Amino acid sequence: MTSHSPPLTMTAAELAEATGGILVGDGGAAVRAIAPLDRAGPDELSFLASSKYAALFEATEAGVVLVTPELQDSQGTPRARIVVAKPHEAMLALIPRFYRPVMRPPGVHPSAHIGRGVTLGGDVCIEPGAVLEDGARVGDRTWIGAHVVVGAETEVGSDCQLHPSVTIYPNCRVGDRVILHAGVCIGSDGFGFVTQKVDGKMVHVKIPHVGRAIIGDDVEIGANCTIDRGSVDDTVIGAGTKLDNLVHIAHNVRIGRLCLILAQVAVAGSSRVGDGSVLAGQAGVMGHVNIGSGVQIGGQAGVICDVPDGETWSGYPARPHRESLRATAALFKLAGLMKRLEKLLERGTP
Amino acid sequence: MTSHSPPLTMTAAELAEATGGILVGDGGAAVRAIAPLDRAGPDELSFLASSKYAALFEATEAGVVLVTPELQDSQGTPRARIVVAKPHEAMLALIPRFYRPVMRPPGVHPSAHIGRGVTLGGDVCIEPGAVLEDGARVGDRTWIGAHVVVGAETEVGSDCQLHPSVTIYPNCRVGDRVILHAGVCIGSDGFGFVTQKVDGKMVHVKIPHVGRAIIGDDVEIGANCTIDRGSVDDTVIGAGTKLDNLVHIAHNVRIGRLCLILAQVAVAGSSRVGDGSVLAGQAGVMGHVNIGSGVQIGGQAGVICDVPDGETWSGYPARPHRESLRATAALFKLAGLMKRLEKLLERGTP
Amino acid sequence: MTSHSPPLTMTAAELAEATGGILVGDGGAAVRAIAPLDRAGPDELSFLASSKYAALFEATEAGVVLVTPELQDSQGTPRARIVVAKPHEAMLALIPRFYRPVMRPPGVHPSAHIGRGVTLGGDVCIEPGAVLEDGARVGDRTWIGAHVVVGAETEVGSDCQLHPSVTIYPNCRVGDRVILHAGVCIGSDGFGFVTQKVDGKMVHVKIPHVGRAIIGDDVEIGANCTIDRGSVDDTVIGAGTKLDNLVHIAHNVRIGRLCLILAQVAVAGSSRVGDGSVLAGQAGVMGHVNIGSGVQIGGQAGVICDVPDGETWSGYPARPHRESLRATAALFKLAGLMKRLEKLLERGTP
């Protein structure tokens with residue numbers, strides 16, 4: 001979430017120095033923003049990192065372009081080129097020079113609701129309508145966006161960003177440097193019921209959820225994700241793990257450290273995902289399943305059994321990726337052979 | 001989002017005139033609401049557009065029913081029938097006669113938070129708790145629902161409806177006549193990280209997102225959808241496109257004009273969808289994929305490569321629909337032949 | 001959503017009495033909380049219900065453990081064991097002894113917005129920033145969380161819990177004892193458009209949605225779910241049905257009583273689901289489909305046709321579970337036979 005700073009200008013010569021790159025062309029060419037090749041204007045910086053985009057480079061109006069050594073002689077007319085080994089990483093370093101985060105000056109807005117026994121760290125920023133229930137604790141420099149609710153006795157660490165309308169239920173824990181995007185819900189009751197007869201008729205009786213949801217340090221959680229609290233155990237998201245938007249994490253799940261969980265993934269109750277694993281978009285993991293460390297799960301895969309460390313699985317039901325690919329290939333081949341196969345079988349034994 | 005108006009009555013004769021239909025039966029039969037055949041009462045209007053519902057028509061208590069010419073003689077006892085070519089379209093024209101939208105009188109609620117340099121058009125309605133951050137701009141007659149947050153420097157056009165708890169991050173743009181349903185999040189950071197060693201240990205370093213999310217005119221976005229902002233480029237939803245609920249649109253995606261994106265679809269980063277395409281429910285589109293114009297993607301399909309203009313694709317991995325159907329048919333046939341096939345292969349060469 | 005009560009202690013002897021179990025070991029062993037075997041300390045109660053967890057039992061530091069008769073002699077050193085037939089159900093009865101719900105004392109917060117003609121039952125609790133639009137009705141003892149919006153003329157029953165940032169559109173109905181988790185949206189317009197030429201160009205014209213969303217008694221709806229209102233008909237969730245997080249229910253859908261709908265399921269327009277059916281996670285149901293009563297639909301299944309009462313279906317397209325399993329098994333077997341099969345067919349007729 002960033003905002004344009006008051007216009008700042010850098011020349012091609014300054015950009016070359018800042019990135020440790022080699023300047024080719026007009027060192028005085030000045031830019032004041034960053035844009036992709038096909039939208040950049042003469043006062044903007046762009047980059048070319050793959051020959052796939054050579055045509056865009058040829059037509060670009062960008063004033064200055066970062067290029068790889070291999071692509072430095074590509075056809076095109078920017079006033080200057082800066083040759084760097086990794087344009088993406090150079091860009092990462094330059095972005096903060098042109099853009100700065102929206103300022104969130106410290107202070108508690110008068111319309112925020114601060115309960116009894118709430119502890120606030122230094123330099124917190126509490127926006128309009130935010131609700132900190134009794135006994136909530138918020139660390140230093142944390143930003144609590146508008147209409148965020150931090151439940152009773154819940155603890156939020158330092159240097160966190162809670163975007164608008166985040167809800168954290170009571171008795172949860174959020175680490176330091178955590179980013180929660182708008183609409184995230186943490187600590188809702190898990191989906192647990194005991195189906196039994198009450199007064200002569202079957203009903204689904206709710207299992208009280210008294211565990212916590214615990215979010216590790218440096219976690220980022222995308223917009224409108226839902227992380228249920230544990231039933232008796234806790235739900236845990238490990239440090240440094242990142243969740244994309246609309247992800248569902250059920251009760252008692254343990255996600256390891258440094259995982260990447262892409263959009264609309266669902267992990268059902270009590271499953272475990274080891275450190276550094278990647279679940280691609282819309283994948284689903286059944287309950288009570290163990291996914292190892294360093295695992296890659298393909299998009300839309302349906303994981304219904306344990307997956308060993310370091311493996312790549314895909315498909316439904318999920319299998320080692322190579323097997324899934326082979327099965328898919330066989331299927332499409334089969335479709336073309338079906339008539340002949342049926343004929344062959346019709347004849348009975350050959 | 002509509003509300004019953006104070007009871008208004010129309011007679012069958014008036015309905016026939018209003019729809020250009022032919023009256024059969026009692027022209028004086030009066031109705032004051034619309035309901036489906038199986039729930040309508042004597043003072044309600046209903047419709048029969050398919051012979052599939054002939055049994056419901058026979059049993060209906062509706063006072064007046066719109067029917068197609070083919071079905072005008074169906075068994076049934078409503079006091080009047082109105083014969084029209086397209087009952088659904090006639091209904092569309094009649095609904096505003098019986099129902100009127102909830103009134104949102106212009107004004108800024110005293111509990112709304114209006115930042116510095118905010119520009120408000122004429123006749124805007126700003127509901128309780130809404131937050132317009134510094135430099136936000138809102139066009140004429142736009143309704144900003146309760147607890148909506150419009151980020152710094154974000155622009156919202158005229159005649160828009162922003163339902164409660166919508167969050168738009170700073171520096172985004174929303175066109176005219178746009179409807180955003182409750183809980184929509186626009187402009188959250190995309191899921192972009194560079195995994196690198198920092199101070200001797202691997203971490204996922206966040207890529208700052210400085211692009212915008214741009215929503216075209218006449219777009220409608222369903223409840224709890226998430227539209228990420230671009231990284232350097234912008235994320236764009238074309239004019240007239242409609243999104244169902246819980247859809248995820250990732251960073252740098254371009255959706256064309258007049259598309260229909262059904263519930264729980266996810267489009268991953270930097271993919272493109274051409275004008276007039278339809279993505280059915282729960283479909284997923286991988287990153288960096290081009291879907292053409294006038295394309296139809298089936299429900300739950302997983303698109304992992306480009307799709308040419310005008311084609312219909314389905315399945316996982318998505319293929320031309322005809323191929324997918326053929327593969328599925330072959331698979332279920334195969335299951336029945338498997339034993340004989342194995343026996344045949346066992347015998348070795350025939 | 002629960003909170004620790006001031007420490008309460010129960011001894012093993014008291015626990016045996018409360019559960020009707022048999023005490024083995026030190027009746028004086030006292031506990032004051034509940035935890036899973038691998039995290040419990042000497043002053044905590046845990047349980048062992050499956051031999052799968054025997055290793056955890058052996059290593060546990062729990063002071064007291066509930067065990068089944070079969071497992072009562074498992075290796076392990078808790079100070080006391082309580083032998084009960086069903087440890088899970090015994091636990092269910094004990095949880096309220098150790099934890100109590102967060103108190104929500106009755107009252108209307110001064111920052112809540114109460115429209116004209118709003119009716120409030122006895123002992124309601126209305127939290128900060130909640131908005132009850134004109135004519136809304138709320139039953140006795142219902143809790144309306146922070147920033148909840150209850151639309152005009154909408155009725156919410158007694159003993160309900162509406163967690164923060166729930167939005168209910170105007171003219172909807174919510175029964176008694178309903179729990180709506182944070183971010184739930186009820187009554188948004190369904191996804192209905194008529195594509196027609198207007199002023200010479202094709203557009204998607206919005207169908208006004210004048211039906212209601214009706215939520216039965218004892219329903220629980222998970223975080224960030226979306227339930228659209230009906231177009232002319234109503235959308236109905238039957239009494240006692242439970243929805244997990246991020247579920248989408250489209251316009252005019254009828255869900256029966258006592259259903260369980262797991263996370264990220266989507267049910268498209270006008271479909272019906274009978275009483276007591278279970279839709280597993282990420283399943284999708286096409287529009288205008290009838291699913292019977294007592295049906296089980298597998299995770300990620302894609303239902304595209306009617307499903308008879310009592311059946312279990314899975315896969316895409318969904319088929320009776322046995323057929324799906326057989327097809328999947330045949331597919332993976334085929335992959336291994338493909339080369340030999342091709343060779344056989346190459347030779348032409350045997």
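How are H4(A) and H4(C) oriented to each other, roughly parallel or oblique? In this predicted model, helix H4 of chain A and helix H4 of chain C, each spanning residues 321–346, pack at an angle of about 50°. Their axes lie 9 Å apart. Angles under 35 degrees count as roughly parallel, and those from 65 to 115 as roughly perpendicular. H4(A) and H4(C) are therefore oblique to each other. Their crossing is left-handed.

The contact between these two helices can be read residue by residue. H4(A) contributes Arg326(A), Ala327(A), Ala330(A), Leu331(A), Lys333(A), Leu334(A), Leu337(A), Arg340(A), Leu341(A) and Leu344(A). On H4(C), these residues meet Leu331(C), Phe332(C), Leu334(C), Ala335(C), Met338(C) and Leu345(C). By class, the contact of H4(A) with H4(C) holds 13 nonpolar and 3 charged residues, and no polar ones.

The helix pair formed by chains B and C was examined in the same terms. H4(B) and H4(C) pack at an angle of about 50°. The distance between their axes is 9 Å. H4(B) and H4(C) are therefore oblique to each other. H4(B) passes H4(C) in a left-handed crossing. Here H4(B) supplies Leu331(B), Phe332(B), Leu334(B), Ala335(B), Met338(B) and Leu345(B). The residues they meet in H4(C) include Arg326(C), Ala327(C), Ala330(C), Leu331(C) and Lys333(C). Leu334(C), Leu337(C), Arg340(C), Leu341(C) and Leu344(C) are also among them. The contact of H4(B) with H4(C) divides into 13 nonpolar and 3 charged residues, with no polar residue.

The next point is the relation between the chains. Two copies of a chain are related by a rotation about an axis and a shift along it. Chain B can be laid on chain C by a turn of 120°, with a shift of 0.0 Å along the axis. The copies use different surfaces, since 20% of the contact residues of chain B recur in chain C. Chain B is likewise superposed on chain A by a rotation of 120°. The shift along the axis is 0.0 Å, and the RMSD is 0.0 Å. Different surfaces are used here too: 19% of the contact residues of chain B recur in chain A.

Toward chain C, 50 residues of chain B are in contact with 53 residues of chain C. Strand E1 (2–4), helix H3 (87–98) and helix H4 (321–346) of chain B each give two or more residues to this side. H4(B) gives the most, with 7 residues. The side of chain B that touches chain C has 26 nonpolar, 19 polar and 5 charged residues.

Toward chain A, the contact takes 54 residues from chain B and 50 residues from chain A. Strand E23 (185–188), strand E24 (193–198), strand E25 (201–206) and H4 of chain B each supply at least two residues of this side. The side of chain B that touches chain A has 30 nonpolar, 16 polar and 8 charged residues.

Strand E23 of chain B also belongs to a sheet. This open sheet of chain B has 10 strands, paired in parallel. Their order is E11-E14-E17-E20-E23-E28-E31-E34-E37-E40. The edge strands are E11 (113–114) and E40 (302–303) of chain B, and each pairs on one side only. Within the sheet, strand E28 (residues 226–228) and strand E31 (residues 248–249) of chain B pair in the parallel sense over 2 bridges. Ile227(B) has Ile249(B) in E31(B) as its bridge partner.

Parallel strand pairs were also found in chain A. Strand E20 (residues 167–168) and strand E23 (residues 185–188) of chain A pair in the parallel sense over 2 bridges. Thr167(A) stands opposite Cys185(A) in E23(A). E23(A) also pairs in the parallel sense with strand E28 (residues 226–228) of chain A, over 3 bridges. In that pairing, the bridge partner of Ser188(A) is Asp228(A) in E28(A).

Key:
Residues numbered from 1 in each chain as written. Chains lettered and ligands numbered in written order. Predicted model: local features only at pLDDT ≥ 70, side-chain atom pairs only at ≥ 80, totals over all residues. Least-squares fit on C-alpha atoms with pLDDT ≥ 70 in both. Contact = placed C-beta atoms within 7 Å. Pairing = 2+ DSSP bridges. Helix = DSSP H or I, 4+ residues; strand = E, 2+ residues; numbered from the N terminus. Nonpolar A, V, L, I, M, F, W, Y, C, P; charged D, E, K, R; others polar. Axes fitted to C-alpha atoms, helices over the stretch in contact; angles between N-to-C directions. Parallel < 35°, antiparallel > 145°, perpendicular 65-115°, else oblique. Left-handed = near helix turned anticlockwise from the far one by under 90°.
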